[in-house]
Amino acid sequence: MKRSNVNAIIREADAFIRSFGYIMPPFAYWTPEEMKARRGSSAGIFESRLGWDITDYGQGKFDELGLFLFTVRNGRFEDMKKGAGMLYAEKIMISRKDQLSPMHRHVIKAEDIINRGGGKLVLELFMPDAEGGIDPKAEVSVPVDGTIRKLPAGGLLKLDPGESVTLLPGVWHAFWAEGKDVLIGEVSTVNDDLTDNIFREPIGRFSDIEEDVAPLHLLVADYERWLG
């Protein structure tokens, strides 16, 4: 993915998010130079991997296979082990119309996926088998705003704006927007995108960036290379 495309996606995403009255935190708009200057005083941003995240899953087909994310807050796995502290995370995401976020599961993270506005959010769901793989026969049972919904294996759960589903660790899910782009909220236990995403297909979590222009804002995946 070219950096110029990343910059354009950031601008479009920011406008879309604002159209729903959601205001991003100030650090979202720091330039790369400001990020470098604040590396010491704002270490929590970098250690918790807060910020912009745009992925095409390494496949180079963002409009078909991709997702926009921004991590607003995130705790630490060390606190999860202790059972005390900041044990939660929050993201705001955008799934474009008919843009697939591919089938995956999490080992640790439990999450609420919330349709914050736009079209329908469609999730394809499977339960895990004993080895953690996809069970092609098991009935899926998930809470939708506190009410249990049951679906056949591979069933499609469609969430209207305002609705949400709770996905516990192990539940396989893929999702996309139907009708119009969807603004998605995610409230979860501590998030670790480096180790806690298990994909059905052998694909990557992050994009390969071709630096054709300077970055408007750094992505989370840029932090190590740009900031050390």
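The following legends describe close-up views of a predicted model.

**View 1. The largest nonpolar core of the model contains 28 residues.** Within this core, Trp52, Ile54, Phe68, Phe70 and Tyr223 touch the most other members. Two or more residues are contributed by each of α1 (3-18), α3 (43-47), β1 (51-55), β2 (67-74), β3 (88-95) and α5 (223-227). The largest share, five residues, belongs to α1.

**View 2. Isoleucine 54 and its contacts beyond four places in sequence are shown.** The partners of isoleucine 54 are Met1, Val6, Ile9, Ile10, Phe62, Leu67, Phe68, Ser207 and Leu219. A second, separate core comprises 23 residues, including Tyr57, Val140, Val165 and Val171.

**View 3. Threonine 71 lies in strand β2.** Threonine 71 has a relative accessible area of 2% and therefore counts as buried, the limit being under 20%. Apart from neighbours within four places in sequence, threonine 71 contacts Phe27, Arg49, Leu50, Gly51, Glu90 and Lys91. Although 19 residues separate threonine 71 from glutamate 90 in sequence, their C-alpha atoms are 6.1 Å apart.

**View 4. The largest cavity holds about 150 Å³ of space.** Its lining consists of 18 residues, of which Leu67, Leu69, His104, His106 and Asn197 are the closest to the centre. Elements giving two or more residues to this lining are β2, β3, β4 (101-105), β5 (111-126) and β10 (172-189). With three residues, β10 gives the most. The lining has seven nonpolar, five polar and six charged residues.

**View 5. The second largest cavity holds about 30 Å³ of space.** Asp53, Ile54, Phe206, Ser207, Ile209, Leu219 and Ala221 form its lining. By class, five of these residues are nonpolar, one is polar and one is charged.

Methods:
Residues numbered from 1 in each chain as written. Predicted model: local features only at pLDDT ≥ 70, side-chain atom pairs only at ≥ 80, totals over all residues. Heavy atoms only, no water. Core = buried A, V, L, I, M, F, W, Y, C linked by side-chain atoms within 4.5 Å. Buried < 20%, exposed > 50% of the residue type's maximum accessible area, 1.4 Å probe, protein only. Helix = DSSP H or I, 4+ residues; strand = E, 2+ residues; numbered from the N terminus. Contact = heavy atoms within 4.5 Å. 1 Å grid on protein atoms, 1.4 Å probe; cavity = no way out; pocket = protein on both sides within 12 Å on 5 of 7 lines; lining within 4 Å. Points joined across faces, edges and corners; volume = space filled by probe spheres on them. Nonpolar A, V, L, I, M, F, W, Y, C, P; charged D, E, K, R; others polar.
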